[in-house]
Amino acid sequence: MDIKYVPTICPYCGVGCGMNLVVKDKKVVGVEPWKRNPVNEGKLCPKGNFCYEIIHRDDRLTTPLIKENGEFREATWDEAYDLITSKLGAYDPKEIGFFCCARSPNENIYVNQKFARIVIGTHNIDHCARLCHGPTVAGLAASFGSGAMTNSYASFEDADLIFSIGANSLEAHPLVGRRLLRAKMNGAYFIVADPRYTPTAKHANQYVPFKTGTDVALINAMMNVIISEGLEDKKFIEERTKNYEKLKEVVAKYTPEKVEEITQVPAETIRDIAIKYAKADKAAIVYSLGITEHSHGVDNVMQTANLAMLTGNIGRLGTGVNPLRGQNNVQGACDMGALPTDYPGYRKVVDKDIMEDITCSWGCSDLKCEPGLKIPEMIDAAAKGDLKVLYVTGEDPVISDPDTHHVEEALNNLDFFVVQDIFMTDTAKFADVVLPAACWAEQEGTFTNGERRVQLIRKAVDAPGESKVDWEIFCDLAKRMGADPKMFTYESAQDIFEEVRTVTPQYAGMNRERLERPEALHWPCPSEDHPGTAMMHVEKFAHPDGLGIFMPLEEQGPMETPDEEYPLILTTTRLLFHYHAAMTRRAPTLDREVPTGYVEINTEDAAELGIANKEKVKVKSRRGEIEITARVTPDIMKGIVNIPMHFRECSANILTNAAAIDPKSGMPEYKACAVAISKMEGS
Ligand code: SF4
């Protein structure tokens, strides 16, 4: 029997677990452990274990499709390319936008942004980090000079204390959750702060429920206690940071007693966790979307950095500020410059010297020095008629962006819309042209996980029908649009990666031979004799003067607050068995586990509203309403309700608020909007 095992990386979350795809008769028939991969040591969560179930589905896209009279018909690649190039060439560059795919390998993303910038002449290119960890990139870059996780996953096991805030690791990042539990078994004290008593919180030594959106106040009060008790790390503050006096001034106002009212956390608890965090020799902060998905997400992120610097918990094993990134390659998508403000390697588009350096490397003429539009801005511009053409690769904004009706209005308003994907997603149904793409198991390349580890993915099987790898499609289009073929001719993904190394300083030292090893390499890796950087900011921060910057911050709270008409706060979350919708809902084993959505409502709130467990209810916000099953539970704070975001038939994003945006990052406030719940008529 001809069976082969192809080592590659999981296509779902930013943990970046290694796995072997089992190939038999040219089909992927299963997944087996890849024990030498140090990220996950052979273990996988359910999503990883069943990721192969979607590869050979009958509903994979296999030919280009063109919409005529409201119906899709099969088309040749030539027809599709002719239509796309004629449309892309007919509009002003500022009327065209691109959503990049953070599930896709670095090489595809790199060519996508290069196509947008050189061939179209626009920086209107963005990806889903805008909707998950955009505040991390902006916030940690402001505080530390680099917008990425400071330590590695393995570092958690050296911690004496772990402070998890807004992260449900056991469901959203299960193989990091495993590390956190191992750290606890090693003796680390595990504090989880979250409005929900999540599966992760249930494993904590201390669970701290707090009102959603009050993170800045909570951490200010913790810092207030630390400074009042004299527990700040004076030497670290003196030698490694600046702006401390201003932080101290602001923090002084946030006494635990005052903050108790804002956060609903008892003053004594605030005091207790602050002292425990400050007294631990090695304390690590772990956070995820509970911190970032707010209209003040960047402030929340900078607060975690303030807390770590105040106590010297940075640059050592077992410490650090550790954002758990969302999609499998969302870190790589940021690194590759799928951002309206940055070229690859976080080099700013507004800087003329950098622009000249990039044009010299790419061999193209001058590029614009003004930033492009972010995803929410592109959606707004499309709704207003200012953005006319949109090209979406591997994203599904109808499901995943806030205020679904607003997104649908924007997509309907476009003159021309291209979607490149592996399935006919809810978004693709709005397109004029749909192009069939290869999935991760059908191509070579690299993914960069949340701990900045750049890992090889390997081709296991051929892509179905006529589908193509993303970078090939962009190169075909570029040449048809008259780009110099030298700029868009590559033999392989490896060929592209070699170019990536020349324009992305963090990747410069990563050659193929070094990436072939199971441990691969963490960036920054500036030269071929550099070992890579599992832990950042050891002796100095990444700012030019080497100092970390304290950012004094005031509590602002969510933009939309409860009132008489909409008395509850809605938060949205992810589940262990799903990652967004298009892929996991098509994996039969995963879909069987959780086949549809529900709203979690606190037992007391449910009693007041006369709602019983499993009863169908109506949830309504200022944007729309859905019908959904109630799950009555004491595991969520009174006044807060939660809906998992994966389910089109009862989509949380019909309710969420696209108008509440973090001004510093463009992040919409998924974690707090006002809703009302009522019993269904006749029930
Ligand atoms: Fe995949 Fe994330 Fe699960 Fe690992 S933890 S198997 S990367 S979904």
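Two strands count as paired if DSSP finds at least two bridges between them. Helices (H or I, at least four residues) and strands (E, at least two) are DSSP runs, numbered from the N terminus.

Welcome to the tour. This is a predicted model, in which local features need pLDDT of at least 70, side-chain atom pairs count only at pLDDT 80 or more, and totals for chains, interfaces and linings use all residues. Residues are numbered from 1 along each chain as its sequence is written, and side-chain values use heavy atoms, with hydrogens and water left out.

Stop 1: Show the 3 strands that make an open sheet, ordered 1-2-3 with antiparallel pairing. Strand 1 (3–9) and strand 3 are its edges, each pairing on one side only.

**Stop 2: strands 1 and 2.** Select this antiparallel pair, which is joined by 7 bridges. Click on I3 and you will find K24 of strand 2 opposite.

**Stop 3: strands 2 and 3.** Now select residues 18–24 and 27–33, antiparallel strands joined by 6 bridges. Pick N20 in your viewer; its bridge partner in strand 3 is E32. The two strands form a hairpin with 2 residues between them, and D25 in the turn has a positive phi of about 50 degrees.
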